[in-house]
Amino acid sequence: MELPAPLRQGVDSLLEKVTLPVLKQAARTLSERYRAELRDGRLHMGEDMAVKAYLATRLPATYAAVRASLIALADARPDFHPKTLLDIGAGPGTMLWATVDAWPELEQAILVEASAAVRKVGQALASGTIAARAEWIAGDATIDLDGLKPADLVSIAYVLDEVAPASLPKLVHHLWQLTADTLLIAEPGTPAGWQRILAARQQLIEAGAHILAPCPHQAPCPLKPQDWCHFSRRVARSRLHRLVKEADVPWEDEKFIYLAASRQPAPVRPARVLAPPKGGSGNVVLKLCQPDGSAGEQLLSKRDGNVFKVARRADWGDTLG
């Protein structure tokens with residue numbers, strides 16, 4: 001999954017005059033902060049060079065993750081066509097670009113972002129290329145949500161990991177209050193990210209939300225530690241991306257976890273593939289999360305007819321049906 005051409009061209013233009021050594025150092029610093037999940041009061045992308053490092057090394061992967069999450073949401077709710085978007089912790093507009101790609105008819109987007117440096121870049125990238133009316137608002141996800149209007153789609157991606165755990169229930173409560181139809185949360189695909197998603201999932205169910213994806217049910221998650229729910233998208237690395245990361249492989253796999261919850265009743269949802277399929281001679285083994293709330297591996301063979309044909313084409317994160 002690649003960046004939309006206008007976004008890729010805008011990023012290339014912003015990075016063309018940045019020297020490689022400076023970009024490498026900024027990328028290392030940014031990576032260390034993300035990996036440590038630092039909450040020291042400083043913004044990860046508070047400075048201009050940190051934003052450019054993000055564009056070079058993280059934007060393609062986070063875009064792939066949120067776009068995949070929106071695909072799953074659209075599959076679960078084919079009737080959902082949001083006209084308004086409210087994105088909290090918007091970064092350089094990753095969710096905006098992914099949402100417009102999924103629903104070109106989007107009319108208005110409110111993007112809340114604490115970093116002035118990030119807002120400046122996000123506005124520059126979207127100007128003249130995004131048809132939806134986009135308004136960028138300075139604000140912190142935990143304290144600046146009052147006064148915002150509800151939107152059809154409310155989103156928060158790769159932000160919960162930057163919020164103090166004690167503040168997460170109040171934040172999720174505010175997000176749900178602002179959700180006119182559907183809320184999408186995305187997090188890094190780590191055990192810690194999964195735990196944050198699980199907590200938000202339970203809170204939203206108790207508030208009356210209907211889970212659309214990835215879960216095909218409202219029951220407690222059947223997975224137990226040391227296992228955890230997450231998905232993956234393979235992302236092609238540009239030449240600059242490889243140089244900045246000093247990487248030989250021309251791609252990377254972005255692991256992520258997401259949750260889509262709606263005020264509308266969820267339709268019947270088929271089983272979800274929770275791991276890379278394992279194939280053999282005339283059979284395939286899929287790890288499935290089932291609509292009845294169970295999860296486990298299932299062996300399918302030619303004797304299963306059409307189900308087997310579907311299973312052979314299924315990939316990690318797909319639904320079986």
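Tutor: Helix H4 (residues 59-76) packs with helix H5 (residues 94-102) at an angle of about 45°, and their axes lie 9 Å apart. Helices here are DSSP runs of H or I with at least four residues, strands are runs of E with at least two, and both are numbered from the N terminus. Each axis is a line fitted to C-alpha atoms, for helices over the stretch in contact, and angles run from 0 to 180 degrees between N-to-C directions. H4 and H5 are therefore oblique to each other. Under 35 degrees would count as roughly parallel, over 145 as roughly antiparallel, and 65 to 115 as roughly perpendicular; the rest is oblique.

On the H4 side, the contact (heavy atoms within 4.5 Å) uses Leu59, Thr62, Tyr63, Val66, Arg67 and Leu70. H5 brings Thr94, Met95, Trp97, Ala98, Thr99, Asp101 and Ala102. By class, this contact of H4 with H5 has 8 nonpolar, 3 polar and 2 charged residues. Nonpolar covers Ala, Val, Leu, Ile, Met, Phe, Trp, Tyr, Cys and Pro; charged covers Asp, Glu, Lys and Arg; the others, Gly among them, are polar.

A note on the basis: this is a predicted model, where local features need pLDDT of at least 70, side-chain atom pairs count only at pLDDT 80 or more, and totals for chains, interfaces and linings use all residues. Residues are numbered from 1 along each chain as its sequence is written, and side-chain values use heavy atoms, with hydrogens and water left out.

Now the second largest pocket. A pocket is an open set of points on a 1 Å grid over the protein atoms alone, with protein on both sides within 12 Å along at least five of seven lines; lining residues have an atom within 4 Å of a point. About 300 Å³ of space lies in this second largest pocket. Its lining has 16 residues, and Leu3, Arg8, Pro60, Ala236 and Ser238 are the closest to its centre. Helix H1 (5-15), helix H3 (48-57), strand E7 (231-236) and helix H9 (239-245) each supply at least two lining residues. H1 gives the largest share, 4 residues. By class, the lining of this pocket has 10 nonpolar, 2 polar and 4 charged residues.

Terms used. On a 1 Å grid over the protein atoms alone, a cavity is a set of points where a 1.4 Å probe fits but cannot get out, and a pocket is an open set with protein on both sides within 12 Å along at least five of seven lines; lining residues have an atom within 4 Å of a point. Grid points are joined across faces, edges and corners, and a volume is the space filled by probe spheres set on the points.
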